[in-house]
Amino acid sequence: MAAYAIGYATLRSTEWQKEYGAHMPALTAKHGGRLVAKSPPQAMEGAPALPETMVVIEFPTAEQAQAWYNDPEHARLKALRQSGAEFSMVLVGA
């Protein structure tokens, strides 16, 4: 069953993004993931507190999403991301 890693980001700086962007696509693909959406979110109902940007990455399974998140190569990228953004992520199944 497909699983979706959904990230919520509010940027503090953009200095980290070039290096992060150079490595994250390959790491995501290594675990069968693909970027499905990356943009500022729009409220459709109610008045939710919205982050600056949301990212949705689809994986074939929740196990592959967890393997991607826990991959040792991801540790350095997480540190970069956390250095320049307030970031949260959830995992949901289809």
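1. How much accessible surface does the protein have, and what share of that surface belongs to carbon and sulfur atoms? The accessible surface comes to about 5,900 Å², and 57% of that surface belongs to carbon and sulfur atoms, with areas taken by the Shrake-Rupley method with a 1.4 Å probe.

2. This is a predicted model, in which local features need pLDDT of at least 70 and side-chain atom pairs count only at pLDDT 80 or more, while totals for chains, interfaces and linings use all residues. Residues are numbered from 1 along each chain as its sequence is written, and side-chain values use heavy atoms, with hydrogens and water left out.

3. The protein has 3 helices and 4 strands, which are DSSP runs (helices H or I, at least four residues; strands E, at least two) numbered from the N terminus. Read from the N terminus on, the elements follow the order β-α-β-β-α-α-β.

4. Of the 94 residues, 32% are buried, where buried means under 20% relative accessible area, exposed over 50%, and partly exposed in between (1.4 Å probe, protein chains only).

5. Asp71 lies in the loop between α2 (62-70) and α3 (72-84), and Asp71 counts as buried because its relative accessibility is 7%. Leaving aside neighbours within four places in sequence, Asp71 is in contact (heavy atoms within 4.5 Å) with Leu27, Lys30 and His31.

6. The side chain of Asp71 makes a polar contact with the side chain of Lys30 at 2.9 Å and another with the side chain of His31 at 2.7 Å. A polar contact is a pair of N or O atoms within 3.5 Å; within protein, one must be able to donate a hydrogen and the other to accept it, and residues adjacent in sequence count only if both atoms are side-chain atoms.
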